[in-house]
Amino acid sequence: MASAHDVVVITTHDIGRHLHCYGVESVVSPNLDALASSGVRFELAFATAPQCSPSRASLATGRYPHSNGVMGLAHAGFDWELTPGASHAAAIFAGLGFETHLFGAQHVTQHPERLGFDQMHPTEAVEKVLASTRRERRLYLEINFDETHRPYPPPGPIPRDLVIPGYLPAGREAAEEMTALEGAITRMDAAAGRVLAALDKAGRADRALVVFTTDHGLAMPRAKCTLYDPGLELALIVRWPGGGIGSGVVRSELVSNIDVLPTLLEGAGAAAQAGIQGRSCLSLFRGDAYDPRDAIFAEKTFHSYYDPMRCVRTRRHKYIRNFETGFAVEVPADIQQGPIFRANPSRYSTDRPNVVEVYNLEADPLEEHNLAGSPSLNVVEEELSAELWRWMRETDDPLLDGPVASPRYRQAMQP
């Protein structure tokens, strides 16, 4: 089967799986719904981290945050950077002869010139670039939308069928914030539609391997910056008409966003790259032998402050290990400005009571009842604990050597 001629990665901020094609009836997202109906939609895709820079760095490198170096935010004042050995997808595809373009902001470095992009543009330049590029040129495009990042525009009328996630408190505050978010999602969807139309107009759609995903779960209290499913869940949609991967396909396998890069590389006909920790899903698409994941792993080390935690999630259970004291959940500053948090800050500001958290996801999908130490789950807890420690050792997690110093600490220690 022929390799993909072009590779297109489209991302947006902070929406998890809050799309109509994922069953959220109140969201108006016709273009992404159409993308899903013409490709493959993953029901159980998860981020390696519940915050922007670490998760995006994993998407771009195929490595966990503690392996790629971006264990916290990359922008000034936080200063996390990719390690020299963690090649960005743009550099890898450039080395394969692709012309590489970035549209919109990236969030993995303060030095985007080092990532491997030939050119960088605003998101609205996609149509112009596609129209002016010779058809024979192979393209790697990364398109990052920010319409869905806080602060949201003022909300319109609250829809009658508005879907409010179960982990949020009921009330007008949640209704207003979710209405504003859904308006932002619709605007992002329109922008994504223009990209997909431009690919079609340029005659590239059939041979383009297109991925749409987001960086982590919703930017809401008890979601973003937590290792609960609402913080880690992702939309992941893949379309490749010429690749024979099917249309309207829904996959229920566990996948991680470190699996995206190896999938793109195999689809483009490239050999596996050394150091990538994800696994390609291409054989799954094509109906060939595929070894599904038994579990996914995720982590948080820094966001607003040092708050190291690691988790392993299987289809039925979640095991979280918290390595420091802290609030029960971190609520980032932009989310604190919203009416949900301001209505009752104490809901999220209690102390974290446990080192270990264990959840039965079938019986308790909102992860509200910690079963750590429960006799009924002793065997599961021991097995997942062993699995988490094994993963940390195999991936050389720096937490095994003690507390992790931030870039700011290292700067402060300079005389």
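**Exercise 1.** In this predicted model, find the strands that H12 lies across and its angle to E11.

*Solution.* Start with the helix: H12 lies across E9, E10, E11 and E12. Next, compare directions: H12 runs at about 60 degrees to E11. Now look at the sheet itself, which is open, antiparallel and ordered E9-E10-E11-E12. Strands E9 (296-302) and E12 (356-360) are at its edges, because each has a single partner strand. Neighbouring strands in this sheet are turned by 15 degrees against each other on average, direction ignored.

**Exercise 2.** Work out how many bridges join E10 to E11.

*Solution.* Locate E10 at residues 306-313 and E11 at residues 317-322. These two strands run antiparallel and are joined by five bridges.

**Exercise 3.** Decide whether Ser 385 is buried or exposed.

*Solution.* First place the residue: Ser 385 belongs to helix H12, residues 378-394. Its relative accessible area is 13%. Buried means under 20%, so Ser 385 is buried. Leaving out residues up to four places away in sequence, Ser 385 touches Tyr 319 and Arg 321.

**Exercise 4.** Describe how H1 crosses H6.

*Solution.* Two packed helices are described by the angle and the distance between their axes. The axes of H1 (residues 30-37) and H6 (residues 172-201) come within 7 Å and cross at roughly 50 degrees. That angle makes H1 oblique to H6. Residues making the contact include Leu 32 and Leu 35 of H1 and Ala 192 and Leu 196 of H6. By class, the contact has seven nonpolar, two polar and one charged residues.

Note on methods:
Residues numbered from 1 in each chain as written. Predicted model: local features only at pLDDT ≥ 70, side-chain atom pairs only at ≥ 80, totals over all residues. Heavy atoms only, no water. Helix = DSSP H or I, 4+ residues; strand = E, 2+ residues; numbered from the N terminus. Buried < 20%, exposed > 50% of the residue type's maximum accessible area, 1.4 Å probe, protein only. Contact = heavy atoms within 4.5 Å. Pairing = 2+ DSSP bridges. Axes fitted to C-alpha atoms, helices over the stretch in contact; angles between N-to-C directions. Parallel < 35°, antiparallel > 145°, perpendicular 65-115°, else oblique. Nonpolar A, V, L, I, M, F, W, Y, C, P; charged D, E, K, R; others polar.
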